[in-house]
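I opened this structure for the first time today. These are my notes on what I looked up.

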Amino acid sequence: MSVNTAPAAIEVAGLSRRYRNTTALDGVTVRFAKDQIHGLLGRNGAGKTTLMSIIAAQDWPTEGQVRVLGHTPHENEQVLPMMCFVREDQRYPDDAQAKHAFKAASLAYENWDWKFANRLIRDFRVPEKTKVKKMSRGQKSAVAVIIGLAARAEVTFFDEPYMGLDAVARQLFYDRLLEDYSEHPRTVVLSSHLIDEIAHLIENVVLIDSGRVLLDEPVEDLRDRAVTLVGRSDAVAEVTAGREVLNQESMGRITRTTVLGRLSEQEHQRVRDLDLDLQPVSLQQLIVRLTTRQSAARDLNDSNHGHGEGEK
Amino acid sequence: MTTPTGRTDRTLQPQEPHRGKRSAFARVPSAVRLQFSPAVTLIGVPLSVFFAAWLIAVGIGWWIHTMQGSGDSSGEPMFTGAAQAPLWALVFVAAYSASHTFPFSMALSYSRRTFMLGVILAFGLVSVAFGAAFILAAWIERVTDGFGMHFYTFNLPYLTQGSGGIVAAGALAATLCLVLMMVGFFWAILYLRAGLFTLWVIILGLAVVGLAGTMLIFQNDGWPVIWEWIMQQSALSLTGWLAILAVGLAGLNYGVIRRATPA
């Protein structure tokens with residue numbers, strides 16, 4: 001696994017957030033490299049929104065430190081204007097229409113681009129005369145996405161931005177994000193559990209589960225961690241023998257197996273000789289398997305050391 | 001970099017400054033404008049209530065006047081309490097600012113301090129506008145002898161006939177407006193900060209304290225003293241007391257919002 005040497009936009013060290021009965025984050029240490037698109041992945045309730053809230057200074061940690069662009073963000077007007085985090089369940093002023101929300105955002109962010117915003121408003125077909133509170137889930141998500149994109153904040157969080165968006169609007173969001181990011185590079189943290197859908201966008205994966213970081217790795221390295229082989233069952237079995245199987249499906253004499261680890265040059269030759277197909281690994285599948293494995297190992301470890309109780 | 005468990009401790013090193021230092025108050029004007037977006041909440045609604053309440057009061061006055069027989073302009077003056085109607089509208093508008101505009105301000109990455117300064121300035125502007133409207137309305141009533149019917153909503157003798165006249169009454173109206181808006185904001189932001197249970201505990205606690213205070217005053221025959229104190233006050237001195245209260249409430253609100261979360 002390679003080390004991400006790019007300078008950090010966000011550094012989080014030993015971060016915990018405990019509520020009365022739950023631990024939302026538990027000793028999270030992670031860094032988000034500058035000017036990259038990061039996928040913050042995890043199941044519902046894993047702690048994704050809490051982590052983004054604390055980084056964006058909307059919430060604060062019970063323990064630990066956060067630095068954004070070298071500054072502590074809490075109540076810090078030096079760094080806050082460079083961040084944008086519209087929550088998935090964002091509340092807007094009571095009578096506000098979308099145009100009021102955009103106008104307010106344009107006043108808050110000095111990089112706000114009205115031309116881009118207006119294009120997005122047309123693209124997403126955001127109704128101008130409807131109050132935001134009366135909008136459908138998808139329309140609300142579109143308002144949040146437009147603020148996030150047009151603000152061009154140095155550090156932008158998107159909190160499950162696909163909620164309620166149809167397939168066309170989701171694709172539109174991914175396309176516009178990539179287009180604008182290539183022209184105006186910035187640090188983007190995209191929280192999602194639709195892993196495969198954002199796999200082509202993200203350069204780095206941070207996976208959290210039960211408030212802990214399970215994985216923090218460049219997508220490229222992650223993909224190299226496993227390989228999928230398709231072909232005659234006996235031939236697939238020969239090449240994959242002795243490896244940890246992440247997934248296996250058989251249909252008649254054809255088997256599709258995903259195993260951990262890279263193939264050596266000799267194994268590649270053998271794959272060609274046996275006429276097997278090498279397929280890209282589904283990031284989602286890989287992450288699901290790794291999560292399950294690591295969660296199980298961690299739970300086992302916790303119960304062995306007597307740390308399991310009292311955390312949840 | 002991979003930290004599979006996320007347990008590795010790392011010391012955070014400050015980086016190079018990323019751009020020139022900006023003023024901590026640079027976004028205060030934007031935070032003020034945020035309160036007026038949309039303008040209907042903080043301007044349209046109270047203004048409508050102001051004129052609607054006045055119109056209804058004058059309508060009732062006209063009805064009473066005609067019932068008593070037209071042409072009789074020497075009757076006893078009548079006073080109404082309709083001037084306070086916009087204040088109650090503003091209490092709710094102020095509460096909305098805490099419950100809705102505050103979470104939105106977090107999405108726009110305002111610090112709580114900047115947001116609160118925006119709130120104080122915006123509420124201050126609205127209060128001054130209310131005070132000015134009060135003065136104007138009291139003046140109209142004065143020069144028209146209560147629309148020729150001796151019917152007064154704003155030109156109330158206790159407020160307008162002391163030193164400073166209707167201007168002092170306007171100042172009192174403005175500070176009362178600011179205090180009430182701060183109170184409306186306080187309860188809503190307290191709810192965001194502490195939740196419903198704590199909110200009710202505090203409400204009940206205050207009720208108990210209020211009740212105990214009232215009983216103590218009764219026990220010590222204190223009411224005449226308090227009543228006398230109130231009667232001795234002028235519009236200007238009341239303005240002063242309310243101004244102190246408004247400053248206290250602004251500080252209290254900042255104390256509460258510092259640890260309030262938007263959701």
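The entries below go from chain A to the interface and then to chain B.

**Ground rules.** I am working with a predicted model, in which local features need pLDDT of at least 70, side-chain atom pairs count only at pLDDT 80 or more, and totals for chains, interfaces and linings use all residues. Residues are numbered from 1 along each chain as its sequence is written, while chains are lettered from A and ligands numbered from 1 in the order in which they are written.

**Chain A, overall.** I counted 10 helices and 13 strands in chain A; helices (H or I, at least four residues) and strands (E, at least two) are DSSP runs, numbered from the N terminus. The C-alpha trace of chain A spans about 65 × 50 × 35 Å along its principal axes. Of the 312 residues in chain A, 46% are buried, meaning that 20 or more other C-beta atoms, placed from the backbone, lie within 10 Å of the residue's own.

**Chain A, domains.** I noted domain 1 (8-218) and domain 2 (225-281) in chain A, with bounds from an automatic or database domain assignment. Their C-alpha centres lie 38 Å apart. UniProt, in an unreviewed entry, places "domain: ABC transporter" at residues 10-235 of chain A; such annotations may be inferred rather than shown by experiment, and the positions are in the numbering used here, with feature names shortened. That span is 32% helix and 29% strand.

**A:Leu276.** I found A:Leu276 in the loop between helix 9 (265-273) and strand 13 (277-279) of chain A. A:Leu276 counts as buried because 20 other C-beta atoms lie within 10 Å. Leaving out residues up to four places away in sequence, A:Leu276 touches several residues, among them A:Leu229, A:Val236 and A:Val271; contact means C-beta atoms, placed from the backbone, within 7 Å. A:Val239 is 37 residues from A:Leu276 in sequence and 9.6 Å away in space, C-alpha to C-alpha.

**Interface.** I looked up the contacts between the chains: 44 residues of chain B meet 52 residues of chain A. On the side of chain B that touches chain A, helix 3 of chain B gives the largest share, seven residues.

**Helix 7 of chain B.** How far does helix 7 (residues 165-219) of chain B span between its end C-alpha atoms? I read 38 Å, whereas a straight helix of 55 residues would span 81 Å at 1.5 Å a residue; the expected span is 1.5 Å times one less than the number of residues. Helix 7 of chain B has a kink of about 120° centred on B:Gly195, the bend being the angle between axes fitted to the seven residues ending there and the seven starting there. Just after helix 7 of chain B, B:Asp221 has a positive phi of about 50°.

Conventions: Two residues are in contact if their C-beta atoms, placed from the backbone, lie within 7 Å. A residue is buried if 20 or more other C-beta atoms lie within 10 Å of its own, exposed if 12 or fewer, and partly exposed in between; C-beta atoms are placed from the backbone.
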